[in-house]
Each structure stands twice: as C-alpha cells, then as structure tokens.
Amino acid sequence: MLQKIVLWTHKRTSNWQQMPDWLSSLLVILLAFLIGALFIIAIGASPLAAYGALLRAAFGSVNGFAETMIKACPLLLAGLGISLAYRAQFWNIGAEGQIYAGGVCAAIVGLYLHGLPTFAHITLTLLAGMIGGALLGFFPALFKVRLGVNEMITTLMLNYVVIQVVAYLLHGPLRDQASGITISPQLLKSAWLPIVVERTRFHLGVLLAVGLALLIHWFIYRTVLGYQIRASGENRRAARVGGIRVNWVIIWTVLLSSALAGLAGAVEVSGVQHRLVEDFSPGYGYLAIAVALLGNLEPVRVIFSSILFAALLNGADAMQRAAAVPVPVIYVIEGVVIVLVAVSIFRRKGSL
Amino acid sequence: MKKSKLFLLLSGLCLLSIILAACAPATPTPAAETKKVRVALVLDGKIDDNGWNQAAYEGLKEAEAQHGVEIAYSEEIPIPDYEKALRDYASQGYDLIIAHSSIAKEAVMNTAKDYPKIAFLWTDGDETRENLAVIRPMAQEASYLAGLLAGKITKSNIVGMVGGIDIPSTHRSYAAFEMGLKEANPEAKLLVNWVGSFLDVAAGKEAALSQIEAGADVIFGNGDGQNIGVLQAAGEKNVLAIGAVRDQFNVAPNVVLTSVEWGFRKGIAEVVGDYVAGKFSGKVYEIGLAHGADLSPYHENASKIPEDVQNLIKEKRQQIIDGKLSIPDISSAQ
C-alpha cells in the first residue's frame with residue numbers, strides 16, 4: 001500500500017515538473033493564502049471574513065480599485081525593470097534606491113522648471129526620473145563588466161546611500177520651510193500626472209505602466225537587443241561565441257532596468273504625492289523583486305503579479321479593521337509567496 | 001525523491017489548511033439596524049500613545065457613548081498614505097471623517113473636495129470648506145495657567161520648554177506659558193528647545209536632559225510623541241514636569257504635576273454631536289477652557305503644589321472662563 005502511494009506520488013510529481021509555469025504561479029498564490037489562513041485561524045479570526053474584507057477593499061469599489069492600481073503602478077514599473085535585468089542574469093536589488101533617485105530627479109524638475117506647457121513638463125519630469133534611476137544603475141553595471149564586482153552587493157548598498165541623500169535634501173535644500181515636517185514644496189501643477197478616473201487618485205501613470213509592459217514584451221521577444229538579452233542570460237559563453245557583445249548588452253539592460261525603476265519613483269512623485277516625501281517608497285523596490293519573480297519575468301504576467309501585491313498592500317488595513325486580523329499576516333503571505341516562488345524556480349532550473 | 005517529499009509536505013499543508021478553513025466559524029451577519037451615523041478617525045500614531053492620538057481616540061469613544069454613532073479608526077497612517085486612508089472611508093460612505101493631523105493639509109483638502117456630500121473634520125487645521133470643519137485647539141489659556149504654576153514652583157528660577165515642531169498651535173501654547181511664567185515669577189528664565197519633530201522620543205529626551213543639566217527644575221513638554229521622551233527624562237532625573245495635549249500623568253507619575261490638555265476629547269465629541277443634531281457646518285471650532293481644554297488634575301502630585309498656588313490657578317481659571325481675563329493668541333514668532 002505504502003509502496004503504491006509512493007509510486008503514485010512519484011508519477012504525479014514527475015508530471016508536476018512538466019506543469020506549465022503559469023499554473024505553478026497560481027498554485028504558489030493559492031498555497032500562500034492557505035498558509036496565511038492558518039495564521040488567521042490561529043489568532044481566532046475567520047479567514048473567509050478576512051480575505052473577503054481584503055478583496056472588497058482592493059477591488060470592491062471604484063476608489064478601492066483605483067488605490068490598488070496606483071499602488072500597483074510603481075511595483076509594475078520597477079518589476080519590469082527587474083525582469084529585464086534578471087533575464088540578463090544581472091541580479092539588481094537596487095530598485096529601491098533607483099526609485100528614490102528617480103523620485104528626487106523628477107521632483108527637482110517638477111519644482112524648478114517654470115513656464116513649461118503641461119505635456120512638456122510632465123514628459124521632462126518623467127524623463128528626469130528615468131535618467132536619475134539609470135545613473136544609479138550605471139555604476140554597478142560598469143563595475144560588474146569591468147571589474148567583476150558582484151552586483152548584488154553594489155546595488156543593495158547604493159540603496160542606503162540614496163535614501164540618506166534624499167533625507168539630507170529634505171532636511172536641507174529641498175525642504176518646504178512653511179511645513180512642519182520634512183517634505184519638499186508641492187511640484188508645479190504642470191508637472192502633475194493628470195487624473196484619469198474622476199474623484200479618485202487614478203492617474204495617467206498607471207496606463208503608461210501597463211502600456212510599457214506590453215512594449216517591453218514586444219522588445220524582449222521581437223527585437224535584436226531583446227534576443228541578445230535573453231541569450232546573454234541563458235548562457236554567457238554561448239552568447240559570446242555567437243558574436244554577442246555580452247558586456248555591452250549587460251550595460252544596456254541595466255540602464256533600461258534602472259531607468260524603469262527610476263520612472264516608478266517619478267510616477268509616484270508626480271502622480272500621487274505631488275512632492276518629495278521622505279518615505280514615499282515603503283519598500284516598493286524590494287517587493288518588486290517578488291513581483292517580477294512571481295510573474296516569471298514575463299512583462300505581461302508582471303502586470304498581474306503587481307496588481308496582486310498591490311491588492312495585498314491596499315486591502316491589509318481593511319482586513320485589520322473588518323476582521324481584526326493584524327496587518328503582519330499580509331507580510332506572512334508575501335513572504336510565503338517569495339519562498340515558494342524561489343522553490344518553484346529551483347524546481348525548474350536546478351538553481352537561480 | 002527529494003522533490004516528491006516536498007510535494008507531499010506541501011500538499012499535506014494544503015489539505016490541513018483547507019480542513020481548518022472549513023472548520024472556521026462563519027462570520028456572524030450583523031443584525032439589520034436603523035442606520036447609524038458612521039464616524040471614522042485617521043491617526044498617524046497609536047491609540048494608546050498617552051498623547052495626541054489617544055486624546056482623539058478618547059474623543060471618538062466619547063462620541064460613540066454620547067451620541068450612539070458607529071465608529072471606526074485607522075492608526076499609524078504615515079503621511080504618504082494619509083489621503084488613501086481618508087478616501088477609503090469616504091468611498092465606503094462614512095458620514096463624518098476626522099483627520100487628526102496638523103500636517104495632512106493636502107490629503108484633507110483633496111478628499112473633501114472630491115466628496116462634497118461627506119462631512120470632514122480636520123483637527124488643528126487652518127482652512128475650512130463647506131463640508132470641512134476645523135478644530136483649532138486654543139491651548140493658550142491652559143498653557144498660561146501652567147506657566148503660572150511653573151513660575152511659582154521653580155526654585156532655581158530656570159524653567160525649560162521642549163517643543164515638538166514650531167507650528168501655530170504649539171507656538172501659542174509656548175507664548176502663553178512664557179507669559180504665565182513671567183507673571184508669576186519675573187525672575188524666572190525660560191530655556192526653549194524645539195526638537196523639530198512630533199515623533200522623535202529620543203530627541204525630546206535629549207533636549208530635556210540638557211535643560212536639566214543647565215539647571216532647569218521644571219520642564220514643560222509641548223507637543224506630541226517627543227513629549228514622552230521629555231517626561232521620561234524628567235522622571236529619571238526626578239525633575240518636575242508638565243505634559244501637554246492629553247493628561248500625561250501616567251508617563252512619569254513621580255514628577256508630572258499636570259498637563260496642558262488641548263481638549264480633543266470633548267472637542268471631537270462636540271463636533272460629532274453637532275453632526276448628529278444636523279447642525280454641522282464648515283466652521284472653526286475654537287477649543288479653549290470653555291470647550292474642554294484644561295489643566296489636568298494634579299493626581300498624587302497635588303501635595304507638591306502649595307495651597308496658595310493651587311488657589312491662584314483656580315482663581316485665574318475661573319476668571320478666564322467668566323471672560324474677565326483673556327489670554328492673547330500669539331501663534332507665530334513675529
């Protein structure tokens with residue numbers, strides 16, 4: 001009997017290995033929610049009520065949906081950037097810093113470039129954010145290809161540098177003197193991303209981000225550089241032998257990747273906060289790694305995974321209110337997703 | 001083999017949680033009631049912070065008890081998320097939404113503009129709309145009384161004030177405190193520190209310790225979270241102290257003589273009462289002694305205050321309430 005079960009499981013699992021990866025992503029999410037449910041039961045609340053409240057808050061009203069989408073927006077943009085870099089096997093964990101760098105540059109352009117028409121001002125503000133992010137990504141990329149310095153360390157460490165620089169700027173030159181707290185003055189109105197859905201904060205940046213996801217899908221699968229990125233990631237040596245200038249490809253990939261993270265910061269500043277605020281990114285750059293991995297580094301799927309994580313963030317306090325389930329349960333779910341995604345990648349590839 | 005074990009483990013967990021989920025009690029459906037007025041409160045700190053946020057939460061509870069409203073609150077909402085929290089409540093159709101923050105101006109104005117049919121209350125605000133009322137805590141009266149107390153009780157003739165951020169509401173409290181102090185004791189010197197934060201407990205403590213070092217024997221903590229640090233420092237050094245915003249006796253029972261209460265508890269209950277009675281309008285509620293701002297009771301430290309000082313304060317307090325004495329509102333350094 002036992003033997004039969006073992007044989008049966010063995011047969012199943014070998015099939016399981018051939019499971020399409022979208023299905024495994026869905027299973028990961030399901031499993032994470034189930035494990036979250038265990039915690040909710042353990043504290044004596046009802047998982048159905050808790051998850052119900054979470055879903056209602058995240059998607060149950062126009063405003064809730066809008067709030068979910070504006071949270072998804074920076075996650076999506078940074079997640080797209082991370083997907084690109086990871087496809088080239090460049091382990092960028094500096095998206096958080098790149099978001100802040102992008103936010104600062106966007107804020108400076110939005111604050112001080114007077115007299116521009118709205119369209120031009122918004123474009124310049126977002127471009128400044130992209131340049132800020134890209135600049136921050138450039139150095140780790142350069143160190144990687146020139147000196148072989150591990151990019152995980154350089155990108156991670158730069159995060160702290162940038163966040164401190166932002167704090168300095170907000171305590172010093174960029175501070176709004178009229179306000180009691182460390183925030184910059186409001187951006188000029190011409191640098192605000194327009195609101196798309198009346199009476200909510202749903203801004204144009206969300207549509208822009210979704211559009212970019214489609215564009216990047218096309219870029220990865222339909223352009224020469226996209227092909228080269230994939231080839232360099234799959235097997236560096238083979239790509240090199242095949243005539244691809246791998247170092248050059250890595251630098252371009254990282255520039256694009258960090259520009260996207262910078263854009264995430266710019267969109268948050270110009271679309272939501274309308275000023276530079278000290279903690280305007282509550283760890284979007286790190287969460288975006290999970291977003292990218294759960295989306296299997298596929299731009300179109302990253303759209304959905306970013307919405308999922310945004311819904312968790314957005315619905316968390318509603319869940320706390322309605323079902324008396326503390327917010328950290330959400331972090332458990334997020335953590336389980338991350339671990340399981342790592343496991344499923346391990347299962348597919350044998351290693352990261 | 002390894003993988004199949006993992007699979008077993010995971011599927012086992014799956015099953016277990018499904019079973020447990022099925023066992024969980026269903027949510028009780030609330031019995032249909034007549035529609036209650038729903039009031040929501042958004043806070044940037046915890047409801048038990050012994051100060052700013054607790055004062056507002058107590059106001060909400062009092063409103064619930066007095067006016068039978070249904071209440072909800074969100075605590076620890078950072079400024080970048082403030083507007084989200086307000087919009088959350090607005091889109092759920094709450095009737096009255098209270099933003100308890102001196103610094104969330106745009107969040108309040110934007111949300112109030114987008115939801116003209118919902119009433120908003122901004123505590124410690126400086127701008128109203130048709131659907132947005134404002135509480136202006138007029139703490140100068142109680143602060144003046146606290147100044148009298150400090151002036152009478154100091155032996156070193158050095159008194160310290162550690163403020164949070166220098167905004168109108170804290171400034172008028174500071175100015176009136178100094179006025180009372182000088183009136184009671186022309187010799188007394190006031191050391192002034194603004195730590196530039198309403199949350200930084202450590203900074204408040206540092207500033208208070210340095211004032212104690214400089215010889216201050218009464219310390220007035222004037223603000224929000226940094227007050228906790230101020231009072232802790234005083235408690236450790238056994239130096240008399242005066243709290244603010246809410247009765248802060250609990251923070252350091254050995255030294256806290258009294259606190260300058262800003263009156264949020266009664267103030268918020270008053271506004272909710274007006275709403276329930278259909279009298280809400282976008283007006284400014286000035287909360288002074290007559291509306292619930294006051295000096296807190298002396299509790300166990302009453303014995304440290306001489307009878308004649310207690311009588312003097314009682315007398316001045318009555319004069320203010322009767323309108324015989326008015327304390328100027330100096331809300332900025334000009």
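This is a predicted model: local features need pLDDT of at least 70, side-chain atom pairs count only at pLDDT 80 or more; totals for chains, interfaces and linings use all residues.
Residues are numbered from 1 along each chain as its sequence is written, and chains are lettered from A and ligands numbered from 1 in the order in which they are written.

**Helices α2 and α3 of chain A**

- Two packed helices are described by the angle between their axes and the distance between the axes.
- Helix α2 of chain A covers residues 21–42 and helix α3 of chain A covers residues 47–59; helices (H or I, at least four residues) and strands (E, at least two) are DSSP runs, numbered from the N terminus.
- The axes of α2(A) and α3(A) come within 9 Å and cross at roughly 120°, with axes being lines fitted to C-alpha atoms, for helices over the stretch in contact, and angles running from 0 to 180 degrees between N-to-C directions.
- The two helices are therefore oblique to each other, since angles under 35 degrees count as roughly parallel, over 145 as roughly antiparallel, 65 to 115 as roughly perpendicular and the rest as oblique.
- From α2(A), the residues A:Phe33, A:Ala37, A:Ile40 and A:Ile41 meet A:Pro47, A:Ala50 and A:Tyr51 of α3(A), where a contact requires that the C-beta atoms of two residues, placed from the backbone, lie within 7 Å.

- Helix α12 (residues 284–294) and helix α13 (residues 299–323) of chain A have axes that come within 8 Å and cross at roughly 135°, which makes α12(A) oblique to α13(A).
- The crossing of α12(A) and α13(A) is right-handed, and it brings A:Leu287, A:Ala290, A:Val291, A:Ala292 and A:Leu294 in α12(A) together with A:Val302, A:Ser305, A:Ser306 and A:Phe309 in α13(A).
- Most residues other than glycine have a negative phi, and most peptide bonds are trans.
- In the loop between α12 and α13 of chain A sits A:Asn296, which is not a glycine and yet has a positive phi of about 55°.
- A:Asn296 is partly exposed, with 18 other C-beta atoms within 10 Å; a residue is buried if 20 or more other C-beta atoms lie within 10 Å of its own, exposed if 12 or fewer, and partly exposed in between, with C-beta atoms placed from the backbone.
- A:Leu297 is in the loop between α12 and α13 of chain A and, although it is not a glycine, has a positive phi of about 60°.
- A:Leu297 counts as buried, with 21 C-beta neighbours inside 10 Å.

**Two further residues of chain A**

- A:Gly172 is found in the loop between α7 (151–171) and α8 (204–222) of chain A, and it is exposed, with 9 other C-beta atoms within 10 Å.
- A:Ile330 lies in helix α14 (residues 328–349) of chain A and is buried, with 21 other C-beta atoms within 10 Å.
- Not counting residues up to four places away in sequence, A:Ile330 touches A:Leu312 and A:Ala316; the C-alpha atoms of A:Ile330 and A:Ala316 are separated by 6.5 Å, although these residues are 14 residues apart along the chain.

**Chain B and its domains**

- Chain B contains ten helices and twelve strands, and buried residues make up 53% of its 334 residues.
- Its domain assignment, whose bounds come from an automatic or database assignment, gives domain 1 (38–137 + 265–291) and domain 2 (140–261 + 298–321).
- The C-alpha centres of domain 1 and domain 2 of chain B lie 28 Å apart, and the contact takes 13 residues from domain 1 and 16 residues from domain 2.

**The largest nonpolar core**

- The largest nonpolar core has 217 residues, of which A:Leu77, A:Ala78, B:Ile97, B:Ile219 and B:Ala241 touch the most other members; such a core is a set of buried Ala, Val, Leu, Ile, Met, Phe, Trp, Tyr and Cys residues joined through C-beta atoms within 7 Å.
- Helix α11 (residues 246–273) of chain A gives the largest share of this core, 16 residues.
- Domain 1 and domain 2 of chain B both give residues to this core, so it lies between them.

Notes:
A crossing is left-handed if the near helix is turned anticlockwise from the far one by less than a right angle, and right-handed if clockwise.
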